[in-house]
Amino acid sequence: MAMGLPRLVATAFTLTLVSIFLPLPFSLAGEITSIESVPDLQRLMYVAVDGYPCVRLLNLSGEIGCSNPGLSKVVAPIIKLKDVKDLVQPHTVLVTPDEMEDFFTRHVPLVSNDLSFASKIGGVLIESGSSFQQKLKGLSPDNMFPQAEFSPYGNVEYKWNPTASSIMWKAYNFPVYLLSESGMSAVHEFLSKKERKHKTYTSDVAEFSMVMETTKAGTHNSEACLQEGTCLPLGGYSVWSSLPPINVSSSNNRKPIVLTVASMDSASFFRDKSFGADSPISGLVALLGAVDALSRVEGFSNLKKQLVFLVLTGETWGYLGSRRFLHELDLHSDAVAGLSDTLIETVLEIGSVGKGLSGGINTFFAHKTRVSSATNKTLDALKVAQDSFASKNIKILSADKTNPGIPPSSLMAFMKKNPQTSAVVLEDFDTKFANKFYHSHLDDLSNVNSSSVVAAASVVARTLYILASDNKDTSSSALGSIQVNASFVEELLACLLSCEPGLSCNLVKDYISPTNTCPGNYAGVMSGEPSSNPYLGSVSDVSRFLWNFLAEKTSVQKGNTTSVCSKGSCSRTDQVCIKAESNKEGTCVVSTTRYVPAYSTRLKYADGAWTILPQNTSDSMGMVDPVWTESNWNTIGLQVYTVQHSAYDNAVLVAGITVTTLAYFGIMVAKSFITKALKQD
Amino acid sequence: MTVAAGIGYALLALGPSLSLFVSVISRKPFLILTLLSSTLVWLVSLIVLSGLWRPFLPLKANVWWPYALLVLSSVCFQESLRFLFWKLYMRLEDVLDSFADRISRPRLFLTDKLQIALAGGLGHGVAHAVFFCLSLLTPAFGPATFYVDRCSKVPFFLVSAIIALAFVTIHTFSMVIAFEGYAKGNKVDQVIVPVIHLSAGMLTLVNFASEGCVIGVPLLYLVASLTLLHCGKMVWQRLIESRNQSGPTLR
């Protein structure tokens with residue numbers, strides 16, 4: 001016995017020494033992510049992935065968009081589309097940008113026929129970025145003739161948008177997520193880990209939390225969901241402003257109005273990634289550039305016509321902005337006090353103007369609604385403005401006569417309301433869209449050319465001056481003084497079409513305190529009661545920015561006294577309080593700038609709920625209005641993690657139970673030995 | 001990894017302790033008390049150690065010597081505490097024996113003393129398992145699993161449970177060896193316990209190397225089996241001795 005002990009001690013000592021020196025030759029390679037707490041461990045286990053979801057939208061006849069099929073999260077192993085072969089259970093398909101259009105147009109509609117791919121799609125992840133091929137080919141998820149049901153002419157088969165795939169108007173019974181740059185690198189890193197260790201009893205899964213309330217409540221169209229309160233109607237706040245301010249109190253001596261229109265909302269397959277750079281934000285920026293240039297011109301009150309600028313929202317979803325604006329004009333409501341539809345002499349809409357530059361010349365096409373003296377005046381004014389530029393790098397051409405009519409634009413709604421409307425829409429295309437990414441998440445800043453926008457702004461500013469002065473012999477010096485600030489236009493493009501700097505750029509922060517940095521040019525939902533004096537928390541960042549910006553630019557300084565307003569109201573009725581957000585104390589300026597709610601003319605808000613009004617034959621556009629609503633949801637998110645096969649889990653449980661029972665028997669045996677040893681005589 | 005796996009890991013780490021509790025400790029209320037107070041004492045010791053080392057955290061992740069220092073200081077602290085623990089137990093033993101004399105009951109037998117030491121050791125083991133394994137086990141009940149880069153063959157929770165089991169064994173039986181060693185003044189027994197504890201602690205540093213756990217964990221189990229064997233031999237010797245001693249008086 002005594003001999004065994006020193007041996008034991010010696011062994012223990014050797015082990016200690018060995019254990020001290022053993023780590024030395026091993027290199028402590030690689031970085032360890034230090035885990036300092038259980039929440040840290042959970043964060044490493046469940047990797048949150050950043051991205052943009054596709055959500056559920058509803059109309060009177062059904063649904064579009066994407067959602068979790070049931071009430072619970074979708075958990076499905078990730079597989080790349082090219083590796084998909086004979087799937088047994090639902091998987092999360094990882095699709096590259098090139099494969100996206102093909103996937104949705106070919107693979108998914110086969111859902112009902114192709115059983116092998118049918119219910120095997122648990123969820124879809126789309127990688128971000130676009131390839132060179134895609135840039136050449138183009139991808140538009142919209143229709144060939146967007147919003148054809150609102151066209152004032154009969155030819156609804158005309159292909160305005162040739163790269164169309166119509167995928168955004170279909171309903172999908174699985175979640176679809178567009179990965180952002182960071183999300184994509186997180187997913188790829190996660191998947192590459194598995195390849196390195198080739199573990200056969202684990203799988204990498206994606207967990208989608210995209211349960212839509214309308215799916216939960218079983219309300220599958222707008223009427224049902226509005227009744228249940230599981231959805232909200234799409235809409236927002238349009239902004240109009242007049243230059244110079246209109247004296248609302250005196251209803252006589254009203255000048256005829258030249259109305260300039262642009263839209264501020266776009267859409268795409270993914271709710272939060274729809275910059276809409278060329279369509280329609282380039283037009284909006286051109287309008288703002290023109291307003292900025294015209295604000296520096298003296299003597300507007302002496303001109304013969306009144307200029308009114310109108311920026312509409314909700315145009316993508318059934319021309320909500322234009323229809324509601326025209327309806328408010330009929331009602332002579334507070335929102336449009338000072339305007340009247342009989343006073344509107346001519347309308348100029350600025351459509352997509354970001355892709356007019358080609359070979360150093362900016363070419364734009366003027367599409368007119370009908371032949372009339374007013375449209376001829378506009379076309380002449382455009383020509384004079386075009387010629388007034390010394391550099392001669394702007395060309396305005398009339399649209400091709402073989403076009404069936406005006407392209408999809410707010411003017412379609414104006415025409416449907418009143419076929420006698422004399423209007424012209426300025427676009428960077430003639431017979432079909434130049435924008436290959438119409439209503440796509442790829443219609444971003446790289447898809448527009450700032451000099452094209454500057455050119456459009458310049459020609460519109462001068463055209464409006466000519467129209468307002470109603471005098472074709474405007475001196476070239478007067479016209480020449482109207483200059484659009486190119487750096488302002490570029491800054492504004494970066495503010496509205498990118499996330500860096502996005503809405504936190506100085507230009508925007510000068511007027512408002514934005515709630516988001518990334519501009520989401522999706523119209524969004526109408527929260528709360530629509531009114532001409534809305535609660536500013538329900539008004540989107542871009543609408544508030546436009547209101548403040550236009551109010552400042554169209555204001556006149558009556559004397560040099562500016563008063564401050566802290567509660568958003570000014571003492572004089574012709575004054576509005578601007579910049580009241582960022583500075584807390586705003587400035588009172590004399591301006592006529594108003595919000596106009598934009599929502600379907602088929603909807604009524606009463607007692608905290610929305611109801612759908614019955615069809616009214618006098619509202620022809622209301623008859624074809626789909627009445628778009630967006631489902632409510634609790635949370636939307638995506639995470640990826642590794643899951644062990646249940647066989648492995650059960651094996652661990654069995655091992656634990658085995659160890660416990662073996663230990664029990666071992667102890668019993670030892671106990672019996674000891675009792676025997678004690679009892680032995 | 002689901003509830004099944006979570007329970008599995010918990011059983012791996014603490015199942016044998018549970019078996020020991022059910023078969024030995026739960027028979028005598030005094031042993032349950034000893035177990036509970038021992039667990040508490042050793043948990044507090046671990047908390048004190050983490051408090052002492054808190055200002056030096058986080059340790060640099062790619063050198064091993066701060067961790068060696070951490071293990072060394074912790075082992076020294078715990079071994080000194082073990083001696084104090086034994087001193088406290090001796091006091092208690094005197095109290096129990098004098099009480100037994102007063103009420104004319106037999107004093108503590110050898111088996112009683114061994115069982116008390118076992119309960120004390122089990123407390124130490126359970127404290128270790130709770131502190132180092134169970135506290136991290138909550139995420140194991142969720143759907144996801146986790147693999148560490150440097151030990152990529154098995155899930156993190158499995159390695160943690162296996163190492164905890166080894167330490168439970170080591171601590172449980174070292175306490176028995178230590179108590180007997182201090183009581184009998186046996187220098188070998190007194191020295192071997194700190195040595196085993198230190199070597200086990202140092203062996204965990206082997207896990208730092210890439211795939212080091214493949215070597216480290218089996219070696220750790222080697223130490224655990226050595227402890228078990230030594231304790232078994234020692235207990236057997238004592239029992240034979242005491243039987244020979246008490247034998248003649250019974251006749």
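Biologist: Hi! How many salt bridges are there between chain A and chain B?
Modeller: Zero between chain A and chain B. Keep in mind that this is a predicted model.

Biologist: OK, and how many residue pairs are in polar contact there?
Modeller: Eight residue pairs, counting those with both residues at pLDDT 80 or more.

Biologist: Which parts of chain A supply the side that touches chain B?
Modeller: Helix H1 (4–21), helix H2 (38–45), strand S27 (637–644) and helix H18 (646–679) of chain A each give at least two residues. The largest share comes from H18(A), with 19 residues.

Biologist: And how do the residues on that side of chain A divide into nonpolar, polar and charged?
Modeller: There are 38 nonpolar, twelve polar and five charged residues on the side of chain A that touches chain B.

Biologist: What area is buried between the two chains, and what do carbon and sulfur atoms give?
Modeller: About 5,400 Å² is buried between chain A and chain B, and carbon and sulfur atoms give 75% of that. The contact takes 55 residues from chain A and 64 residues from chain B.

Biologist: Switching topic: what is the order of the five strands in the open sheet of chain A?
Modeller: The order is S8-S4-S3-S26-S11 in chain A, with mixed pairing. Strand S8 (171–172) and strand S11 (231–233) of chain A stand at the edges with a single partner strand each, so one side of each has no neighbour in the sheet.

Biologist: Do S3 and S26 of chain A pair in the parallel or antiparallel sense?
Modeller: Antiparallel: strand S3 (residues 56–58) and strand S26 (residues 629–631) of chain A pair over two bridges.

Biologist: Which residue in S26(A) stands opposite A:Leu57?
Modeller: That's A:Glu630.

Terms used. Residues numbered from 1 in each chain as written. Chains lettered and ligands numbered in written order. Predicted model: local features only at pLDDT ≥ 70, side-chain atom pairs only at ≥ 80, totals over all residues. Heavy atoms only, no water. Contact = heavy atoms within 4.5 Å. Buried area = accessible area lost by both parts, 1.4 Å probe. Salt bridge = Lys/Arg side-chain N within 4 Å of Asp/Glu carboxyl O. Polar contact = N/O pair within 3.5 Å; in protein donor to acceptor, adjacent residues only side chain to side chain. Helix = DSSP H or I, 4+ residues; strand = E, 2+ residues; numbered from the N terminus. Nonpolar A, V, L, I, M, F, W, Y, C, P; charged D, E, K, R; others polar. Pairing = 2+ DSSP bridges.
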